[in-house]
Structure formats: C-alpha cells, structure tokens
Amino acid sequence: MSTEALLERAKGLLMRTMTFYRDDPRTSTWLRDRLERLDQPLRIAVSGRVKSGKSTLINALIGTDLAPTDAEERTQVTTFYQYGPEPKILVHTPHGAVQNVPVSTLDSATIRDLQHWRPDEVSRLVIESPTPGLQAITLIETPGVASAAVQETGRSALAQILSESDAVLYLTRYPRQTDLQFLQSVNELQTARSVPINTIVAFSRADETGDGGADALAAAERIADRYRADPTLSAFAQHFIPVVGLLGQASSTMTEDDFKILAYLARLSDTDRDTLLLSAERFIKAGLEAVPSEIRQRLLERFGHYGIARSLDLLRGGVGTAQQLQQELLEASGLTTLQETLHSQFVERQDALRARSALLAVDMVLRANPRPGVQQLLGEFERVLTNAHEWDELRALSALDSGQIRFARPLQAEAKRLLGASGHSPHARLGLDETAMIADVADEATATLSRWREQAVNPMLDRAHRDAVRTVLRSAERVILHQIQNQGNPQQAAQAQQQARAAQAQAQAQAQAQAQAQAQQAERARQAAEAEQARRAAEAEQARQAAEAEQARQAAEAERARQAAEAERARQAAEAEQARRAAEAEQARQAAEAERARQEQAAAQARQGEWSTSARSTDTPGKTPATQFLQQNDHPTGRRALRDVGTSTGRRRRAEPEQGESRSRSAVNQPTGSHAKPDPEESSHYVDPTPSGRHSRG
Ligand SMILES: Nc1nc2c(ncn2[C@@H]2O[C@H](COP(=O)(O)OP(=O)(O)OP(=O)(O)O)[C@@H](O)[C@H]2O)c(=O)[nH]1
Ligand SMILES: [Mg+2]
C-alpha cells in the first residue's frame, strides 16, 4: 500500500465513523474538523518547557518576527500559526465560541496581548498570516510543559493539542524528568504505541551550552550524541538536533542594514573587536561613534553574543554579501539541519502522518463513546494500523534509533536509509546522488536487494531482527518496483532522464558558481595579503624614519655636548689667563712695593748716614740724640721722658721673648751709649719710642 492509499483508507474509515455519530453534533463537528484537516498543511506542535525558546524558533522557521518572544513568561494560550491569504486573528473560548479580531496587519504586540489572557478565558488563538513559510506547515505553540497555564488546565488540554498535531518538535535546553515524562505521555497515546508519533527533539538555546563561548554549538552536538545513544530518550524521539533559535531568527530576518553594521564591526582592528566582544556591557557601552550604542544593543538582542561573534568571524573569513552571510549563519545556528530534518521526517512523510492522525481521531471517538455496530470499524481500524508498510518503517526506524535493533555497522546505516531516514526518493533511500542516472539507480537497487535477502536467511538473527530485515527488504523491493514502473512507462522514464539531465546541469552550474566563489575568495585573500604587505612596508618605513630621526637627534646632542665642553675649556683658559695676569700684576705690585721699600730703605740709610755723622760730631758717647737734646735743654719733660724710656725699655725687655727673639734682643741689648752703632739691617725694625724719634723717622 502506498502512502496515498494509506491516507485514502484512513480517510474512508474516518468518514464511515462520522455516519455512526450523525446524531451527536459535538462528535460530528469534531470528526468533520479532523476530516477537513487531512487536506490542510501538516500540523507540527512546538512544545517544551517555559522559556525554552519556542516562539523564537517558530519565527526562525517561518522567517518572520510574528510570535512574541520575551524573557518573562508570556505564552499562556495555545497559539496556532497558520497560512491565510489575509492577516487574521481568531480567538477561541473554552465554550466553543470563535471571535474574529479585526486586524489590518499582524504584529507581535497584538498577539502578545491576546496571549496574556487566562486559559479559562481563551482556549486557543489562531493567527493566520500570508507568510510563505506557513504554506507547507502549521506551527502550534503550546504553553510551557510545566507552566502555570498547564498546571491550571491540567495535562489533558496539552494532550488534546498533541492529539491534534501530526508531529511534535520538542524543545529542551537539556532533558530533565519533566521532559521525559512529557515525551513518554505523547507516546502513550493509543495509536502512538502502534505507530510512534514522529518527534524531533531540538536542543534549544545551544549557544548557552557550557561557557557559552565559540564552541557552544560543538559542545551541544556532543551532548546530543550522548542522548542519541541513550535508549531511554531515543525510545521517545528519533532525532536530537542542537539549535540556536535566536541566531536562526536573526539571520532569517536579517536586513541589509544589519549586514552593513556587522561588516563595519568586522573591519575594526583585532584589539578593538576583541575588546568589544568581551562582554555584553562592553559591546553596548564601548565608545564607537560610527555605530550608536542603541543600535549595538538592538543588534545584540537580536543576534546574541554567539551570533555576532560568528558573523564577524565569517565576514573576516571572506564572506562578502548579505545573502552569503545569511546562509552561513543559518548553517551555524543549526536551523538548516533542523529544517532539513523537519522536511525529511515530517513533510516528506506527511501522508503517513496525516493518516496516523485520522486513525487516532477514529480511535479516540470509538473508545470514548462506543456504540453498537462500531465493531466492524474497529476491525478495519486494526487492519489499517497493522498492515501499512509505512507504519512498519516507522516502527523499525524507531527500534533502530533506540538501539533495540542493531545490525553490523554498514548495514545499520543502510537499513535506516532504506527505511527513509534520509528522505523518501529512491536516490535518497539508496544513498545515491540526486543526479545519478536511472541505470545506476537500478544497479544499486538490485545489489542492495540481494544483500538484504542474504540477511533474511541469516540464522544468527533473533525474531525482532528478522522482522526488521523483512521491513527493510520490503522497502528495497518498493524502490525496485518504483524503477520498473518508471521504465514501463516511457513517458515517465523520459521525464526521469530529463530530470536527471536538468539536475546534472544544475549541479554543473552549482559547481561553476562554487568555483567562481572560490576564485573570488582567493582574489580577496590575495588583496588582503597585498594590503597586509603594504601595511608592513609602511610600518618598516616608519620605523626606518624614526631610527634616522633618533640618530640625528643623538648627533645633535653630541655636537651640543662637544660645543659645551669647548666653551668650558675656553672659559677655564680665560680664567687661567686672568689668574696668570693677576699673579703677574701681583708680582709686579710686590716688586714695585719691594722696590719702594728698597728705595725707602736706601733713603733711610742715607738719612741714617747723615744722622751718624752729625752724632759723631757732637761727641757725646753713650747718649742718644734725644737724650742729648733733653739734657742740653734741661727740660722737665725731657727728664720724664728719660725715665719713661728706661721704663719702656724695661717693659720692652719683658715683652721681647714673645716676639722675634734675635730681633728684640738685638734691639734691647743694643747699647744705648754713643759707641753702640745701630745695625743698618735692624733699623727698619727698630721703633723709636720718643716723639723726636718718631718725628725723625717721619
Ligand atoms: N541566547 C539565546 N537566547 C534565546 C534563544 N532562543 C530564545 N532565546 C531567548 O529566550 C527568551 C525566551 O524566548 P521565547 O522564544 O519567548 O521562549 P518561549 O519558549 O516561547 O517562552 P514561553 O512561551 O514564555 O514559554 C527570550 O529572551 C529569547 O530572546 C537562543 O537560541 N539563544
Ligand atoms: Mg512563547
């Protein structure tokens, strides 16, 4: 049975159930609603704990800032984001009334206000938006799993929403007991036990893993690996994907202005950029006139620290356009991987998932409100549930993911691929490139089939493994069948060839574009190297000039010192000359003085000579001329003077030893008689105490 056939059977069963409940308007309405939904986009419940980043991730997935995001608890009311040609808000009350809130445009502030209502006043909000991202899927944000809203209304409301969803995207920053309980409760729904509901677990806010640095996403990936290998968790979910919703949202809604600001920041010097990225506070408050603080704050709120650091790294690594940066950031945020997984696991399987939802609705009504005659419906229900190959594939995949079934390494990966884990096209199931030719696909399918036929008769396998091998084998046969059907239909075969050629041309164009991009990147790198070389040369020139200037400065200083030394030498020479002249002058002065003294002495001698002559002529031996004069004049004064002379001579005699002995002795011992002839040498030292003596000397 193909998935379309499966969906048709489930649909038929649902319609037949409706006929049994025609008299029950409530059940009829509910069932009709389920029937209508089979033609609507796939419904994915986005669930998780409070503040796990559900609204942010919804915005990232649809590429619009529609869901209100906040640091405080906000999403109290289950909110549907679905496609509609015009913006529309429908408010559902718990009593079934639906009110249309007229809006011309949708903005998150209006939605935020409505989400603030209590769950007993508003049971759900339906936001319709002409957003292209909502054309294939409807996203349903549930209140936080352990939030006040869920505590208040009981878990049944949450279970109700989940039962209306075709798949679950569950967000957790790291799985805790509440998360496990939730995932378990999803699996305990009757139909889910037989057909596991498709659940993808996103490790949200992965940029905050560990120390929240550049390696945060890699660390989150390692944790995800551990969870993938954990049988408890993988029993409830098949895929674990780390994701930075905030960066996903920012990059999917990135503007040209954002790009310009990021490019400007990337061009800052290494030091300035590193300083800026040290902390959120530095990023906002650092002095950077070109990008005002408020703009930086807004950028940080939108991209987060991780997002900005990654953007700057990418821009410095050669990313040159806004589109390139957007692609790289979507990749770095994990959003690309998440979208690919959502696509391969949910969108490509949507018929099987819808069929499962239809069967679940039938199951719920039949069990909640059994009526006579519905037995045959139950029988039909069981047959659809157990015979569809799609369910077998889902079950086998789940068992492989949880580790309940484990084949040898290469077979393990091949089994998953054949069961549709990487996509449902024959190429994807066989692990071939989309451009592979039909003949190659056929060859590979045949080889694969024979490999698994060998496994089917492997006596070492237990029953569970043999069942899984049968399912894988059946999937491989369906690939071959698909090939034969295509070959049998020349038109389809030609179409397939044409598609392959188109795909090949596209791949060539892509390769060319890639080569061009690489060449551009190389050119950019060359230019950067050139610029770096020029910068270094300029730096070297600057250093050379500085060294020259320093040399000149030192030479000037040495010259100044030399001149100063010379001036000092000249000053000292002048001083010496001056001293020499002064000494000469002194010498001359002394010589002149000596000459004068000599002349005076000569004059004195001459006078002495005269005086001796006259003394000899009076012939008064033993008497000085003064004595003689006094005696001659018999003058009283003369007598007194004579006494005084005797006294003073006596005094002089006592005082003499303290002075020049020989000189005094010669003077004192000099006989005063006329026969004592004065020594001309001593005369200059001789002091005549008499007034006449003084006079005579004058
Ligand atoms: N760093 C970082 N912050 C995030 C990320 N995703 C969301 N946030 C922030 O986490 C806070 C809550 O985000 P929401 O998307 O409103 O979370 P929610 O799960 O919808 O919250 P409720 O609906 O109230 O339970 C906001 O401040 C977001 O900016 C992320 O990937 N990284
Ligand atoms: Mg929210």
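Lys51 sits in the loop between β1 (42-48) and α3 (54-62); helices (H or I, at least four residues) and strands (E, at least two) are DSSP runs, numbered from the N terminus. The phi of Lys51 is near 65°, a positive value in a residue other than glycine. Most residues other than glycine have a negative phi.

Before I continue, some conventions. This is a predicted model, in which local features need pLDDT of at least 70 and side-chain atom pairs count only at pLDDT 80 or more, while totals for chains, interfaces and linings use all residues. Residues are numbered from 1 along each chain as its sequence is written, chains are lettered from A and ligands numbered from 1 in the order in which they are written, and side-chain values use heavy atoms, with hydrogens and water left out.

Arg205 is not a glycine, yet it has a positive phi of about 50°. Arg205 lies in the loop between β8 and α9, and at 29% relative accessibility it counts as partly exposed.

Now the chain as a whole. Its secondary structure comes to 30 helices and nine strands. Of its 698 residues, 40% count as buried. The accessible surface is about 38,400 Å², and 51% of that belongs to carbon and sulfur atoms; these areas come from the Shrake-Rupley method with a 1.4 Å probe, and for residues only the protein chains shown count as cover. Among contacts with a separation of 6 or more, 72% are between residues 24 or more positions apart, a contact being heavy atoms within 4.5 Å.

I turn next to helix α9. It covers residues 216-228, has 13 residues and reaches 18 Å from its first C-alpha to its last, close to the 18 Å expected at 1.5 Å a residue; the expected span is 1.5 Å times one less than the number of residues. Which residues of α9 are buried? They are Ala216, Leu217, Ala219, Ala220, Ala224 and Tyr227. Seen down the axis of α9, these buried residues fall within an arc of 155°, so they line one face of the helix; the arc is that of the directions from the helix axis to the C-beta atoms. The face turned away from that buried side carries the exposed residues Arg222 and Arg226.

What do the buried residues of α9 pack against? The partners are β8 (198-203), α10 (231-234), β9 (239-242), α15 (293-316) and α16 (322-332).

The strands come to begin with. β8 and β9 pair in the parallel sense over four bridges, pairing being assigned if DSSP finds at least two bridges between two strands. Val201 has Phe240, in β9, as its bridge partner. Both faces of β9 are covered, with His239 and Ile241 buried on one side and Phe240 and Pro242 buried on the other.

Helix α16 follows. Its buried residues are Ala322, Leu325, Leu329, Leu330 and Ala332. They cover an arc of only 160° around the axis, which puts them on the same side of α16. Their cover includes α9, α11 (245-252), α12 (256-266), α15 and α17 (335-347). Just after α16, Gly334 takes a positive phi of about 85°.

In α15, I would point to Gly304. Gly304 is buried, with a relative accessible area of 8%. Not counting residues up to four places away in sequence, Gly304 touches Leu246 and Leu299. The C-alpha atoms of Gly304 and Ala280 are separated by 9.0 Å, and the two residues are 24 apart along the chain.

Finally, two buried polar residues elsewhere in the chain. Ser28 lies in helix α2 (residues 25-37) and is buried, with a relative accessible area of 9%. A polar atom of the Ser28 side chain lies 2.6 Å from the backbone oxygen of Tyr21. Ser28 also touches Met18, Tyr21 and Arg22, not counting residues up to four places away in sequence. Glu393, in helix α20 (residues 389-402), is buried, with a relative accessible area of 5%. Leaving aside neighbours within four places in sequence, Glu393 is in contact with Leu418, Leu419, Arg429, Thr471 and Ser475.

Methods: Buried means under 20% relative accessible area, exposed over 50%, partly exposed in between (1.4 Å probe, protein chains only). A polar contact is a pair of N or O atoms within 3.5 Å; within protein, one must be able to donate a hydrogen and the other to accept it, and residues adjacent in sequence count only if both atoms are side-chain atoms.
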